[in-house]
Amino acid sequence: KSSREGRWVYKKGGNGMDDHRIFERFPVNIAARYLETDTGKEGSAKIQDVSAKGLGLAVSEELRLNTALEIWLEMKNRGEALYTRGKVVWERLEGMSNYRLGVELEKADLMGISQVFRS
């Protein structure tokens with residue numbers, strides 16, 4: 001990350017694209033389930049990083065940009081999943097049938113993200 005005119009700029013997706021994030025991302029390792037809202041297709045994912053406005057996911061199937069998702073984070077110590085919604089804003093292939101996604105959350109969820117760190 002670097003500072004440009006007093007604002008932090010993060011590299012998104014590892015491909016040199018400028019990213020103007022407001023919230024910092026924190027590394028995690030959380031199992032999750034998702035539902036593509038347009039098609040009803042379900043899948044599983046690993047959440048690799050979180051922020052108040054986004055998630056970094058690892059999945060085994062390609063998802064198109066702007067795909068709307070409902071996501072349930074499997075919180076180990078809570079007994080129930082943490083629910084959120086968002087859309088795919090970037091994607092890259094990371095080996096055979098392994099994709100890394102950036103998901104922008106529908107709304108900033110500071111309370112939900114704080115629950116991630118307490119689990």
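## Aromatic pair

Across the whole structure, a search turns up one aromatic pair. Its members are Trp 72 and Tyr 83, whose ring centres lie 5.3 Å apart. The ring planes meet at 50 degrees, so the pair is tilted.

How accessible is Trp 72? Its relative accessibility is 21%, so Trp 72 counts as partly exposed. The cut-off for buried is under 20%. Tyr 83 is also partly exposed, at 37%. This is a predicted model.

## Overall make-up

The protein has nine strands and one helix.

Contacts between residues at least 6 apart in sequence give a view of the fold. Of these, 49% join residues at least 24 apart. The exposed surface comes to about 7300 Å². Carbon and sulfur atoms supply 48% of that area.

## The barrel

Which strands close into the barrel, and in what order? Six do, in the order β4-β5-β6-β9-β8-β7. Their pairing is antiparallel. From one strand to the next, the twist averages 45 degrees.

Several of the pairings can be followed residue by residue. Eight bridges hold β4 and β5 in antiparallel pairing. Phe 26 stands opposite Val 50 of β5. Strand β6, residues 54-59, pairs with β9 over six bridges, again antiparallel. Gly 56 faces Gly 102 of β9 as its opposite number.

Strand β9 is largely enclosed by the rest of the structure, because six of its seven residues are buried. Seven bridges join β9 to β8, and these two strands run antiparallel. Lys 87 has Glu 104 of β9 as its bridge partner.

Strands β8 and β9 form a hairpin with five residues between the strands. In this hairpin, Gly 95 takes a positive phi near 105 degrees.

Leu 69 sits in strand β7, which covers residues 68-73. Is Leu 69 buried or exposed? With a relative accessible area of 1%, Leu 69 is buried. That value falls under the 20% cut-off.

Contacts of Leu 69 beyond its neighbours within four places in sequence include Tyr 34, Leu 35, Glu 36 and Thr 37. Leu 63 is another partner. Further along the chain, Leu 69 touches Thr 84, Arg 85, Gly 86, Val 88 and Val 103. The C-alpha atoms of Leu 69 and Leu 105 are 9.2 Å apart, with 36 residues of separation along the chain.

## Salt bridges

Side chains of opposite charge can pair when their charged atoms come close. How many salt bridges are there? The count comes to six.

One of them joins Arg 25 to Asp 49, with the closest N and O atoms 2.6 Å apart. It links distant parts of the chain, 24 residues apart. Arg 25 lies in the loop between β3 (17-19) and β4 (26-36), while Asp 49 lies in strand β5 (residues 42-50). Asp 49 counts as buried, because its relative accessibility is 9%. Another bridge pairs Glu 106 with Arg 85, at 2.4 Å between the closest N and O atoms. This pair, too, links distant parts of the chain, 21 residues apart. Glu 106 is in the loop between β9 (99-105) and α1 (110-118), and Arg 85 is in strand β8. Arg 85 is partly exposed at 38%.

Glu 94 and Arg 92 also meet in a salt bridge, 2.5 Å from N to O. Both count as partly exposed: Glu 94 has a relative accessible area of 37%, and Arg 92 is at 22%. Which residues are joined into one network by shared partners? Arg 25, Asp 49 and Arg 100 are.

How values were computed:
Residues numbered from 1 in each chain as written. Predicted model: local features only at pLDDT ≥ 70, side-chain atom pairs only at ≥ 80, totals over all residues. Heavy atoms only, no water. Helix = DSSP H or I, 4+ residues; strand = E, 2+ residues; numbered from the N terminus. Buried < 20%, exposed > 50% of the residue type's maximum accessible area, 1.4 Å probe, protein only. Contact = heavy atoms within 4.5 Å. Phe/Tyr/Trp six-rings, centres within 6.5 Å; stacked < 30°, edge-to-face > 60°. Salt bridge = Lys/Arg side-chain N within 4 Å of Asp/Glu carboxyl O. Pairing = 2+ DSSP bridges. Axes fitted to C-alpha atoms, helices over the stretch in contact; angles between N-to-C directions. Areas by Shrake-Rupley, 256 points an atom, 1.4 Å probe, with all protein chains shown as cover.
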